[in-house]
Amino acid sequence: MQLPESSSAAPLATIADIARFDGQTVTLRGWLYNLRESGKLLFPIFRDGSGLIQGVAHKSSVSAEVFEALKGLTQESSVEVTGRVRADQRAVGGFELDVVKIAILQRVPESDPYPISPKEHGVDFLMEHRHLWVRSTRQAAILRIRAEIMRAAQEYFDSNGFTRTDPPILTPAACEGTSTLFPVDYFGDEAYLTQSGQLYIEATALALGKVYSFGPTFRAEKSKTRRHLTEFWMIEPEVAFCDLDGLMELAENFIAHIVQSVLTRRAADLAAIGRDAEKLRAIQAPFPRLSYDEAAAMLQQAHKDGHLEQPFTYGDDFGSPDETWLSSQFDRPVMVHRYPAAVKAFYMQPDAANPSLALCVDVLAPEGYGEIIGGSQRVDSYELLKSRIEAHNLPIEAFQWYLDLRRFGSVPHSGFGMGIERVVAWLCGLDHVRETIPFARTLNRIFP
Ligand code: 4AD
Ligand code: MG
């Protein structure tokens with residue numbers, strides 16, 4: 001397929017940038033989003049990936065050829081359209097396009113129409129057609145917000161002295177528990193898809209001081225929840241000579257930067273998906289901090305007061321309803337620190353004041369979104385780390401290199417991981433992570 005020869009001298013424009021061309025004739029390349037016809041008047045709506053614009057074509061003002069081409073044109077046919085840009089207060093985006101010319105690249109046949117019509121479809125149908133669903137205004141806006149979250153997250157670290165060091169994806173051992181590993185045959189040996197880059201960036205942190213990793217991570221999550229994917233993107237900083245307090249400060253400044261960037265750079269997309277931006281404006285550091293003990297007491301009280309169905313047992317990890325309730329008590333993310341070591345990972349440094357507690361922090365997003373960040377100070381003693389690895393029945397040989405980090409210049413160090421999809425869900429106000437990533441992988445979906 002060849003692009004039609006742009007015989008018109010009109011400049012190529014994008015809809016996002018259309019205001020610059022008010023009063024001029026431009027060419028747009030895109031797709032027919034919708035078409036309203038009323039007698040001699042046609043109102044095609046075009047999309048080009050950057051936005052939507054309504055076109056106007058009156059039978060008397062366009063050539064017969066153009067009128068015929070547009071009339072009955074099918075949804076999602078690809079086009080190159082030339083027209084005059086005209087400011088119109090009432091129009092979506094503030095401009096309309098008086099159509100002059102149109103070339104059709106591919107006309108979607110009437111006999112096999114685009115399957116996603118403007119009418120409501122069920123989620124299963126839409127997920128089955130995810131490759132097309134991403135074209136909808138709402139899904140495209142979510143993907144642009146996702147991209148901004150990722151950009152701002154990297155920007156924060158890049159401009160604060162961090163070096164990005166990418167860990168391997170094929171790994172010989174578990175980082176976050178053996179129950180969610182995805183095994184891969186590695187030339188006859190068993191390897192696993194990474195659950196987290198943490199262990200490797202602990203090594204690069206001792207080489208470079210402040211580092212981060214950013215990439216896909218994998219967990220064979222066997223339960224169906226609105227917060228879990230089997231493949232998700234995690235950004236993880238790791239900092240040498242940093243303790244838990246320093247880590248919490250990093251987390252709150254990092255999150256505040258991301259939220260403020262989304263608010264300034266993706267305001268139109270937030271509006272397009274109907275997100276209440278007022279709630280996001282409150283996301284400024286510092287964030288409230290609660291010890292696990294304080295959070296546990298709040299949960300027990302909430303159960304007594306009838307706000308939580310299940311009673312909370314001190315010593316347990318928080319369940320999803322617990323996190324939802326806790327996080328909805330605050331107008332900004334809450335940082336819960338010092339969980340019982342027994343419910344947390346093997347690599348977490350014990351609290352000197354009470355060694356049964358881990359020097360860790362979970363950041364719970366407001367409005368009931370729950371955990372978006374998990375992190376900790378790391379065990380820095382060789383002996384303790386070795387005994388933890390043994391106590392967790394992890395294969396010690398696979399961790400020899402990791403133990404070396406405690407043999408050669410061990411220092412206190414800390415880091416966290418933030419799941420991008422959880423943050424997209426929160427900032428976009430979505431009730432499920434399946435819409436936060438172009439193609440979600442879940443327990444029962446690996447198509448398309
Ligand atoms: O709390 P987690 O398991 O922490 C770690 O993996 C640490 N090794 C990170 C570190 O300290 N460098 O996971 C971190 C975050 C969670 O807070 C959550 O946002 C996200 O990763 N996450 C998931 N997101 C989507 N689907 C899943 N199945 C997720 N599991 C974790
Ligand atoms: Mg966690």
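Predicted model: local features only at pLDDT ≥ 70, side-chain atom pairs only at ≥ 80, totals over all residues.
Residues are numbered from 1 along each chain as its sequence is written, while chains are lettered from A and ligands numbered from 1 in the order in which they are written. Local features need pLDDT of at least 70, side-chain atom pairs count only at pLDDT 80 or more, and totals for chains, interfaces and linings use all residues, with side-chain values taken from heavy atoms and with hydrogens and water left out.

The shell around ligand 1 (residues with a heavy atom within 4 Å of it) holds 24 residues, of which Glu-176, Gln-198, Arg-219, Glu-236 and Glu-371 come nearest. Strand 11 (231-240), strand 17 (370-377) and strand 18 (413-419) each supply at least two residues of this shell, strands being DSSP runs of E with at least two residues, numbered from the N terminus; the largest share, 5 residues, comes from strand 17.

Among the pairs of N or O atoms within 3.5 Å that count as polar contacts, a polar side-chain atom of Glu-236 lies 2.7 Å from a nitrogen atom of ligand 1, and a backbone N or O atom of Ile-372 lies 2.9 Å from an oxygen atom of the ligand. Of the 630 Å² of accessible area that ligand 1 has on its own, the protein covers 94% (Shrake-Rupley method, 1.4 Å probe).

Elsewhere, 3 strands form an open antiparallel sheet in the order 7-9-8, where pairing requires at least two DSSP bridges between two strands. Strand 7 (170-171) and strand 8 (183-186) each have a single partner strand, so one side of each is left without a neighbour in the sheet. Strand 7 is joined to strand 9 (residues 189-193) by 2 bridges, and Thr-171 has Tyr-192 as its bridge partner in strand 9.

How values were computed. Polar contact = N/O pair within 3.5 Å; in protein donor to acceptor, adjacent residues only side chain to side chain. Helix = DSSP H or I, 4+ residues; strand = E, 2+ residues; numbered from the N terminus.
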